[in-house]
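The tour goes from single elements to the whole chain.

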Amino acid sequence: MKWLWPVALILLTGLQYRLWVGEGSLAQVTQLKQEISEQAQVNEQLLERNRVLSAEVKELKQGLETVEERARHELGMIREGETLFQLSTE
């Protein structure tokens, strides 16, 4: 009977070690929950970016006004019969 207490104490210590320090410990679970939360935020940002890009692609496919606006602003293109005036701000 004297050997039962030390064995029980060793088992209890081993289980406590695993609970607090080992694989699947409370600290590890808390860290994983934090990582999941951070990844969910990143995913939400990427989903919003994808929504914006999808809307932009849809708009470019449907209307020529957006294409024309981009051509004017990004490429400096003008329509036939228009005159381009550039003003210097010096």
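Helices (H or I, at least four residues) and strands (E, at least two) are DSSP runs, numbered from the N terminus. With that in hand, select Gly76: just after α3, this glycine takes a positive phi of about 70 degrees.

Two notes on the source. This is a predicted model, where local features need pLDDT of at least 70, side-chain atom pairs count only at pLDDT 80 or more, and totals for chains, interfaces and linings use all residues. Residues are numbered from 1 along each chain as its sequence is written, and side-chain values use heavy atoms, with hydrogens and water left out.

Colour by secondary structure. The chain has 3 helices and 0 strands. From the N terminus on, the order reads α-α-α.

Step back to α3. This helix has 12 residues. Its first and last C-alpha atoms are 15 Å apart, close to the 16 Å expected at 1.5 Å a residue. The expected span is 1.5 Å times one less than the number of residues.

Now show α2 (residues 26-62) with α3 (residues 64-75). Their axes come within 5 Å and cross at roughly 100 degrees. That makes α2 roughly perpendicular to α3 (65 to 115 degrees; under 35 is roughly parallel, over 145 roughly antiparallel, the rest oblique). Axes here are lines fitted to C-alpha atoms, for helices over the stretch in contact, and angles run from 0 to 180 degrees between N-to-C directions.

Which residues make the contact? From α2, select Glu56, Glu59, Leu60 and Gln62; from α3, Leu64, Thr66, Val67 and Arg70. Contact means heavy atoms within 4.5 Å.

Gln31 and Arg70 are 39 residues apart in sequence and 46 Å apart in space, C-alpha to C-alpha. Is Gln31 buried, exposed or partly exposed? Gln31 is partly exposed, at a relative accessible area of 47%. Buried means under 20%, exposed over 50%, partly exposed in between (1.4 Å probe, protein chains only).

Next, pick Gln16 in helix α1 (residues 4-20). Gln16 is partly exposed too, at 36%. From Gln16 to Arg70 is 54 residues in sequence and 65 Å in space, C-alpha to C-alpha.

Zoom out. The C-alpha atoms fill a box of roughly 105 × 40 × 10 Å along the principal axes. Of the 90 residues, 4% count as buried.
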